[in-house]
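Please find below a colleague's note for the file. The entry is shown here for reference.

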Amino acid sequence: MSDYLIRATAADEMVRAFAVRTTDTVEYARKAHTTLPVITAGLGRLLSAGAMMGAMMKGDDDIVTLRVRGDGPAQGLTVTADSHGNVKGYPMQPFVDIPRKRPGKLDVGAAIGAGTLTVSMDLGLKEPYSGQVELQTGEIGDDLAYYFTVSEQTPSAVGLGVMIDTDQHVKNAGGFIIQMMPDASEEVISSIEKRLSGIDSVTSMFDRGMTPEDILKEILGDLDMVITDRKEVRFHCNCSKERVERALITIDPKDIQEMIDDGKDIEVKCHFCNKAYNFTPDELKEILKVSTRREDAR
């Protein structure tokens with residue numbers, strides 16, 4: 001089964017819901033960043049959330065960015081997603097290893113620590129919309145539910161999970177987001193709250209072979225769920241040597257000159273996918289020319 005997400009409504013559109021499988025996506029991220037399990041779990045949860053939040057956007061060029069920053073050893077995580085199922089992300093510290101909360105339960109909250117969750121949406125306007133909340137637990141799901149309720153006034157339930165095998169590869173990953181629309185009745189809200197209180201963890205449901213559709217049916221019960229969209233999800237980075245070159249042009253010309261004087265090739269890695277790009281001294285000289293012209297034009 002490839003990674004995909006579904007979008008649905010229920011109870012005559014009083015509820016909107018999303019569910020996603022991201023096992024391959026999170027495994028790709030683990031390999032790209034060689035993360036240890038607790039960081040794999042944290043980044044994987046944020047990737048799942050990012051994919052679903054990307055599906056909430058309407059414009060072809062809309063982008064959502066999720067940034068978690070904390071005072072724990074992990075320091076932070078960043079994920080960016082679009083409305084087409086493309087998602088990418090990176091950890092600030094991939095090699096964190098801390099005691100488990102209990103057997104079989106990674107302590108993502110302790111790895112992240114106290115801090116903030118920032119959600120930025122670039123909707124093609126002059127300035128991106130941005131909202132920020134204090135982390136509630138650092139476990140990602142609770143923090144996003146708090147963000148939706150406080151910043152968007154949309155009561156939401158968020159379930160995210162990553163199961164990691166004994167050899168550290170990702171066994172399963174994914175999640176769900178259930179949101180109450182303003183006209184949701186108390187009866188509908190109560191029904192969903194009751195069902196949410198009785199479900200297994202996301203990883204347990206995937207481990208039993210459940211699909212994103214099955215998970216939403218488990219939560220929404222007899223509320224007449226209607227699937228409105230289905231799309232593939234993948235870890236996709238749009239970096240290129242040209243993009244990296246444009247970033248180098250913004251560096252202080254003095255720093256570029258120092259690289260040239262060193263007489264060696266330099267290697268620049270993309271934060272999101274860890275792909276390396278090589279630049280020779282001759283290429284740096286051309287970059288310096290452009291960078292100098294930019295400085296002179298200011």
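1. Basis of the note. The model is predicted, so local features are taken only at pLDDT of at least 70 and side-chain atom pairs only at pLDDT 80 or more, while totals for chains, interfaces and linings use all residues. Residues are numbered from 1 along each chain as its sequence is written, and side-chain values use heavy atoms, with hydrogens and water left out.

2. Helix 1. Helices (H or I, at least four residues) and strands (E, at least two) are DSSP runs, numbered from the N terminus. Helix 1 is largely enclosed by the rest of the structure, because 8 of its 11 residues are buried; buried denotes under 20% relative accessible area, exposed over 50%, and partly exposed in between (1.4 Å probe, protein chains only). The buried positions are Thr23, Thr25, Val26, Glu27, Ala29, Arg30, Ala32 and His33. They pack against helix 2 and against strands 2 (15-21), 5 (86-91), 8 (156-164), 9 and 11 (234-235), contact being heavy atoms within 4.5 Å. Thr34, with a positive phi near 45 degrees, follows the helix.

3. Thr25. This residue belongs to helix 1 (residues 23-33) and is buried at a relative accessible area of 2%. Beyond residues up to four places away in sequence, Thr25 touches Asp3, Val87, Val233, Arg234 and Phe235.

4. Met57. The loop between helix 2 (37-55) and strand 3 (63-70) holds Met57, which is buried at 9% relative accessibility. Residues up to four places away in sequence aside, Met57 touches Asp62, Ile63, Val64, Ala81, Asp82, Ser83 and Leu123. Met121 is 64 residues from Met57 in sequence, yet their C-alpha atoms are 8.9 Å apart.

5. Gly115. Strand 6 (residues 115-122) contains Gly115, whose relative accessible area of 16% makes it buried. With neighbours within four places in sequence left aside, Gly115 is in contact with Arg69, Gly70, Val133, Glu134 and Leu135. Gly115 and Asp71 are separated by 44 residues in sequence and by 6.3 Å between C-alpha atoms.

6. Surface charge. Asp12, Glu13, Asp183, Asp222 and Asp224 form a patch of negative charge on the surface. Patches are made of residues with over 30% relative accessible area and no salt bridge, like charges being joined within 9 Å and nonpolar side chains (Val, Leu, Ile, Met, Phe, Trp, Tyr) within 5 Å; a salt bridge is a side-chain nitrogen of Lys or Arg within 4 Å of a carboxyl oxygen of Asp or Glu. Asp183 sits in the loop between strand 9 (170-180) and helix 5 (186-198) and is partly exposed at 49% relative accessibility.

How values were computed. Areas by Shrake-Rupley, 256 points an atom, 1.4 Å probe, with all protein chains shown as cover. Lys, Arg positive; Asp, Glu negative; His and termini not counted. Charge placed at Lys NZ, Arg CZ, Asp CG, Glu CD.
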